[in-house]
Amino acid sequence: MVLIAIAWGYVVLMVAVVEATSPRGTLLGALFTVLLYGVLPLGIVGYLVLSPARKRVRRAAESAVSNDAPVDPDQGGHAAGDAIATKREKP
């Protein structure tokens, strides 16, 4: 899949070069060609292809946290204080 993405990027780059150097083409048109035909589709495909890997990493991180250490809800890393405030005495 990566080879296809590299090949598509190369083709889009060559189309942009031709558009920028042709007599009727512009640099702005070449920029939009790269963005709309290259970056946007490859970004969407990359996001979809890598979503199972992101899910695996998230599950591994969650299982490592739940198995290794006690729960630290605020992720502060400091020792927990008293859960209930002490009773205030009159002076």
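Here is a short chat about a predicted model of one protein chain.

Trainee: Hi! How many helices and strands does the chain have?

Mentor: Hello! The chain has two helices and zero strands. Helix H1 covers residues 2-21, and helix H2 covers residues 27-68. Keep in mind that this is a predicted model.

Trainee: Got it. What share of the residues is buried?

Mentor: Buried residues make up 7% of the 91 residues in the chain.

Trainee: And how much accessible surface does the chain have?

Mentor: The total is about 8,300 Å². Carbon and sulfur atoms account for 68% of that surface.

Trainee: Let's pick a residue. Is Thr 33 buried or exposed?

Mentor: Thr 33 is buried, because its relative accessible area is 8% and the cut-off for buried is under 20%. You will find Thr 33 in helix H2.

Trainee: What does the side chain of Thr 33 make a polar contact with?

Mentor: With the side chain of Glu 19, at 2.6 Å.

Trainee: Why does Tyr 10 count as exposed?

Mentor: Tyr 10 has 52% relative accessibility, so it counts as exposed; the cut-off is over 50%.

Trainee: How far apart are Val 49 and Met 1?

Mentor: In sequence they are 48 residues apart, and in space 8.7 Å, C-alpha to C-alpha. Val 49 sits in helix H2, and with 41% relative accessibility it is partly exposed.

Trainee: What about Leu 27 and Ala 16?

Mentor: That pair is eleven residues apart in sequence and 8.4 Å apart in space, again C-alpha to C-alpha. Leu 27 is part of helix H2, and it counts as exposed at 67% relative accessibility.

Trainee: Switching to charge: which residues gather in a patch of positive charge?

Mentor: Arg 54, Lys 55, Arg 58 and Arg 59 do, and the patch is on the surface.

Trainee: Where is Arg 59, then?

Mentor: Arg 59 is in helix H2. Its relative accessible area is 58%, so Arg 59 is exposed.

Trainee: Thanks, that gives me places to start looking!

Definitions and conventions
Residues are numbered from 1 along each chain as its sequence is written. This is a predicted model: local features need pLDDT of at least 70, side-chain atom pairs count only at pLDDT 80 or more; totals for chains, interfaces and linings use all residues. Side-chain values use heavy atoms; hydrogens and water are left out. Patches are made of residues with over 30% relative accessible area and no salt bridge: like charges are joined within 9 Å, nonpolar side chains (Val, Leu, Ile, Met, Phe, Trp, Tyr) within 5 Å. Accessible areas come from the Shrake-Rupley method with a 1.4 Å probe; for residues, only the protein chains shown count as cover. A salt bridge is a side-chain nitrogen of Lys or Arg within 4 Å of a carboxyl oxygen of Asp or Glu. Lys and Arg count as positive and Asp and Glu as negative; His and the chain ends are not counted. The place of a charge is taken as NZ of Lys, CZ of Arg, CG of Asp or CD of Glu. Helices (H or I, at least four residues) and strands (E, at least two) are DSSP runs, numbered from the N terminus. Buried means under 20% relative accessible area, exposed over 50%, partly exposed in between (1.4 Å probe, protein chains only). A polar contact is a pair of N or O atoms within 3.5 Å; within protein, one must be able to donate a hydrogen and the other to accept it, and residues adjacent in sequence count only if both atoms are side-chain atoms.
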